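Q: I'd like to learn to read this model feature by feature. Could you walk me through it?

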Amino acid sequence: MSESSQFPVPLPAPCPPRLPFWRNPWFWVVLAVLGLAFWQWFETRSRLADTQQELARRLAESEQTVKESATLVGKAMEQTAELQRKYGALEARLGEFQGQADALRGLYQEAAISRDDALLAEAEQGINIAVQQLQLSGNVQAAILALQAADERLARLERPQFLPLRRTLARDLERLRATPFVDVPGMNLRLENVIVGVDKLPLAMELLPRSKAPAADGAPQEPASWWAKLLQEGWQELKGLVRIQRFDRQEPVLLSVDQSLILRENIKLRLLNARLALLSRDQWTFRNELKVAHGWLEQYFNTEEKSVQAALAALKQLSATDIAVEFPSLNDSLSALQTLKAGREKR
């Protein structure tokens, strides 16, 4: 006998009875998974629909925005084109204005240059007038006024290039103010008065003896007694015997009419020479001519008359005045002016 026959073969265990599917836990798990999946699908679909609606709304809004933007862009392009057209017109006008501004600037520069030249010409004229016043008449006050006027003209524009000339003018003005004052016009006027009055001065030979004045004008004289008449006649005879004469001065020179005219003309000629010497600052000639005229007046004219005394006093006072005053030259101002004009011409 075989071994298999010796041992009995075990029989399979009987299968337990199958449970219904609804009692199977996997069923519920699968069902829960499917339910969850369905819920998620439904939720996702709902959200997708909302999203589509939102996208559709936003697309509509975007399309509206795009249309509005396109409209705005069109308007902006139109405005840009209009602005470009206006800008071109403005550029053209600006070019015209620029040309006009350049022309006006050139005219202004020319006017400024011509104005500066005019001021320099006026200043040069003032300096030349001051030089002439000093050289011809020695009138320091007139020279000071001329230089002050020239400096005032230069000060109107306050140009820096005028400062060197103005400093030189200020130095010349200080030198002129420090110069001793000689009243040449006043002295010239006094000489003129003496010259004019020479023809009216009385000569010494024209002096007549004084007559005895009556006791009273229009008063009746008392009848003279015989002894008064006798005394008067004796006094007259005595006066004829005695003669009183002064020897401290010369007798008046008797001159004819022609000689008196020549004398007066010679005195006026001497005074005219003194006048010319005054204007030319010739001290020696001035005093010498006045001395000669003064001597002739004392010798030939009646020095007891007030007019002669006044003429003699005037000549004496004029002769004592020092007219030989050295005036400062204005060469520095003239040189500064020429330097300034030369610098302007080089530009």
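This is a predicted model: local features need pLDDT of at least 70, side-chain atom pairs count only at pLDDT 80 or more; totals for chains, interfaces and linings use all residues.

Q: Where is His294 found, and is His294 buried or exposed?

A: His294 is found in helix α8. Buried means under 20% relative accessible area, and His294 has 19%, so it counts as buried.

Q: Let me zoom out for a moment. How many helices and strands does the protein chain have?

A: There are 10 helices and zero strands in the protein chain. Read from the N terminus on, the elements run α-α-α-α-α-α-α-α-α-α.

Q: What share of the protein chain is made up of buried residues?

A: Of the 347 residues in the protein chain, 22% are buried.

Q: Which residues touch the most other members of the largest nonpolar core?

A: A nonpolar core is a set of buried residues of the nonpolar kinds, such as Leu and Phe, joined through side-chain atoms within 4.5 Å. Here the largest one has 53 residues, and Leu271, Phe286 and Phe301 touch the most other members. The elements giving two or more residues to this core are α2 (25-137), α3 (140-155), α4 (163-177), α5 (184-197), α7 (257-279), α8 (283-300), α9 and α10. The largest share, seven residues, comes from α3.

Q: Now helix pairs. How do α7 and α8 pack?

A: The general idea is that two packed helices are described by the angle between their axes and the distance between the axes. For α7 and α8, the angle is about 155 degrees and the axes are 8 Å apart. Angles over 145 degrees count as roughly antiparallel, so α7 is roughly antiparallel to α8. The crossing of α7 past α8 is left-handed.

Q: Which residues make that contact?

A: On the α7 side you have Leu263, Asn266, Ile267, Arg270, Leu271, Asn273, Ala274, Ala277 and Leu278. On the α8 side they are Thr285, Phe286, Glu289, Leu290, Val292, Ala293, Trp296, Leu297 and Tyr300. Sorted by class, this contact has 13 nonpolar, three polar and two charged residues.

Q: And what about α8 with α9: at what angle do their axes cross?

A: They cross at roughly 160 degrees, and the axes come within 9 Å. That makes α8 roughly antiparallel to α9, and α8 passes α9 in a left-handed crossing. In α8, Phe286, Arg287, Leu290, Ala293, His294, Leu297 and Glu298 meet Val308, Ala311, Leu312, Leu315, Lys316, Leu318 and Ser319 in α9. By class, you find nine nonpolar, two polar and three charged residues there.

Q: One more pair, please. How do α3 and α4 cross?

A: Their axes come within 10 Å and cross at roughly 160 degrees. So α3 and α4 are roughly antiparallel to each other, and the crossing of α3 past α4 is left-handed. Residues making the contact include Leu147 and Leu154 of α3, with Leu169 and Leu173 of α4. By class, this contact has 10 nonpolar, one polar and four charged residues.

Q: Where is Thr321 found?

A: Thr321 is in the loop between α9 (306-319) and α10 (331-345). Thr321 is partly exposed, with a relative accessible area of 26%. Leaving aside neighbours within four places in sequence, Thr321 is in contact with Met187, Gln283 and Arg287. The C-alpha atoms of Thr321 and Arg287 are separated by 9.0 Å, although these residues are 34 residues apart along the chain.

Definitions and conventions
Residues are numbered from 1 along each chain as its sequence is written. Side-chain values use heavy atoms; hydrogens and water are left out. Helices (H or I, at least four residues) and strands (E, at least two) are DSSP runs, numbered from the N terminus. Buried means under 20% relative accessible area, exposed over 50%, partly exposed in between (1.4 Å probe, protein chains only). Contact means heavy atoms within 4.5 Å. Axes are lines fitted to C-alpha atoms, for helices over the stretch in contact, and angles run from 0 to 180 degrees between N-to-C directions. Angles under 35 degrees count as roughly parallel, over 145 as roughly antiparallel, 65 to 115 as roughly perpendicular and the rest as oblique. A crossing is left-handed if the near helix is turned anticlockwise from the far one by less than a right angle, and right-handed if clockwise. Ala, Val, Leu, Ile, Met, Phe, Trp, Tyr, Cys and Pro count as nonpolar, Asp, Glu, Lys and Arg as charged, and the others, Gly among them, as polar.
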